[in-house]
Amino acid sequence: MRSLLWVLILSIFGVRAIAPGDFAPLPKVTDSYGKPVDLAEVAKAGKYIVLWFYPKASSPGCSAQGKRYAELYEEFARYNVEIFGVSHDPAAEQCEFIEKLALKGAMIPDREGTLARAYKVNSFFGFYARDTFLINPQGRVEKVWRNVNPFKDPDTVLAYLKEKLGR
């Protein structure tokens, strides 16, 4: 009930969604293995950042999406991209997800919803919407994909990078 109330309040007051060109919220976070990650420093190091928000570790769609990001990991690396999966799942569940599927990139357990709120990702009882954000090395949102198809998302992001960077 409280979540529904917040959704109504936010829609009434017209909270603007994050959009291309906006400065990206790049906080210091901790990955699922307890390693500190400073997203701002990743961008300052000249890297693009992909944040792919997903509803639930080890679910069929999330598994397919994660596996495809892992399969394309080396191609993303050629474009100087760091990949981070973000969900509300506890770190232990994310670690199991990573190990079970041999995923690459880092997972961020967003237990307090800090990243989801910062990027205006909808959440329903702790299940995040499937949204993907590309942040450029200048720390700005380059591209936003909302409600993505988990089977196509990694390929869509990579195709955008190939077209934009022309390599």
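Which side chain does a polar contact of 2.9 Å join to that of Gln94? In this predicted model, local features need pLDDT of at least 70 and side-chain atom pairs count only at pLDDT 80 or more, while totals for chains, interfaces and linings use all residues. Residues are numbered from 1 along each chain as its sequence is written, and side-chain values use heavy atoms, with hydrogens and water left out.

The partner is Ser87, a polar contact being a pair of N or O atoms within 3.5 Å, of which, within protein, one must be able to donate a hydrogen and the other to accept it, residues adjacent in sequence counting only if both atoms are side-chain atoms. Gln94 is placed in helix H5, residues 91-101 (helices are DSSP runs of H or I of at least four residues, strands runs of E of at least two, numbered from the N terminus). With a relative accessible area of 0%, Gln94 is buried (under 20%, using a 1.4 Å probe and protein chains only). Apart from residues up to four places away in sequence, Gln94 touches Ser32, Tyr54, Ser87, Asp89, Met107, Ile108 and Pro109, contact meaning heavy atoms within 4.5 Å.

Asp110, in the loop between S5 and H6, is in contact with Val86, Ser87, His88, Leu115, Ala116 and Tyr128 when its neighbours within four places in sequence are left aside. Asp110 is buried yet has no salt bridge (a side-chain nitrogen of Lys or Arg within 4 Å of a carboxyl oxygen of Asp or Glu), and the nearest side chain of opposite charge, Arg117, is 6.8 Å away (Lys and Arg count as positive, Asp and Glu as negative, and His and the chain ends are not counted).

Conventions:
Buried means under 20% relative accessible area, exposed over 50%, partly exposed in between (1.4 Å probe, protein chains only).
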